[in-house]
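Hi,

Here is the structure I promised to pass on.

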Amino acid sequence: MKQTVTISVVLIALVLFITRCAKNSSAPNKNLATCSTCNGITIQHLPDTSGLWFYLPTAFTPNKDGINDDFQLIYNSQVNVDSSTITIWDKNGNGVFEGTINQVWNGNDLKGNLCAAGHYPLYMKLRTQSGQTIDSCGCVTILTFQGACIYTGGVTYYFGDQVDTSTGFTLLTRDHLCP
């Protein structure tokens with residue numbers, strides 16, 4: 001009986017220690033949320049009566065050519081930056097980025113290695129200045145050059161350089177795309 005109690009106490013202490021360490025970790029948690037697939041839906045909110053506006057591009061090209069090299073939410077002053085976060089995972093559910101919405105993801109994983117071209121599920125928790133909370137799952141795609149252009153496979157992607165805050169994403173991207 002004494003050994004069972006001792007083992008139980010040790011196991012409980014170990015679970016508490018691991019839980020505390022996981023909460024204090026700077027790495028994003030494993031993706032256990034429902035944000036596990038990429039559906040290609042653009043997350044945007046056009047200006048409404050409160051003035052809230054935001055746009056989350058669906059793709060970027062981290063090739064250091066100065067065009068759509070980083071991924072970031074585009075938003076107006078109605079968004080509470082300090083309370084709004086984005087978490088991004090790889091296809092295996094491992095965190096590759098976590099930060100507030102004013103931070104950019106350059107396509108590198110937590111070790112500094114450039115992530116492979118492909119789809120990355122994300123979770124966005126957006127808080128407005130008025131206290132409204134918007135939780136949303138989405139997807140961002142890393143695209144790379146293949147020859148003289150960026151191959152899209154015929155899929156329509158929306159990039160940060162396409163944003164016109166008054167009309168939505170109606171501009172043409174400066175990236176050289178091919179189907």
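Isoleucine 88 sits across from leucine 122 of strand E7. A word on the basis for all this: it is a predicted model, where local features need pLDDT of at least 70, side-chain atom pairs count only at pLDDT 80 or more, and totals for chains, interfaces and linings use all residues. Residues are numbered from 1 along each chain as its sequence is written, and side-chain values use heavy atoms, with hydrogens and water left out.

E5 (residues 85-89) and E7 (residues 118-127) run antiparallel, joined by four bridges. Strands here are DSSP runs of E, at least two residues long, numbered from the N terminus, and two of them pair if DSSP finds at least two bridges between them. On E5's pairing with E6, there are five bridges, again antiparallel. Threonine 85 has a bridge partner in each: lysine 125 in E7 and threonine 100 in E6. E5 and E6 also make a hairpin with five residues between them, and glycine 93 in that turn has a positive phi of about 85°.

Zooming out, these strands belong to an open, five-stranded sheet with mixed pairing, in the order E3-E8-E7-E5-E6. Its edges are E3 (59-60) and E6 (95-100), each pairing on one side only.

**Threonine 141**

This one is in strand E8 (residues 133-142). Threonine 141 counts as buried because its relative accessibility is 4%. Its side chain makes a polar contact of 2.8 Å with that of histidine 119 (a pair of N or O atoms within 3.5 Å, where one must be able to donate a hydrogen and the other to accept it, and residues adjacent in sequence count only if both atoms are side-chain atoms).

**The rings**

A search of the whole structure turns up four aromatic pairs (ring centres of Phe, Tyr or Trp, the last by its six-membered ring, within 6.5 Å; planes under 30 degrees apart are stacked, over 60 edge-to-face, the rest tilted). Phenylalanine 60 and tryptophan 105 form a tilted one, 5.4 Å centre to centre with 55° between the planes. Phenylalanine 60 is in E3 and tryptophan 105 in the loop between E6 and E7, so the pair ties together parts 45 residues apart in sequence. Both of these residues are buried. Ring pairs link Phe60, Phe71, Phe97, Trp105 and Tyr120 into a cluster.

Cheers

Methods: Buried means under 20% relative accessible area, exposed over 50%, partly exposed in between (1.4 Å probe, protein chains only).
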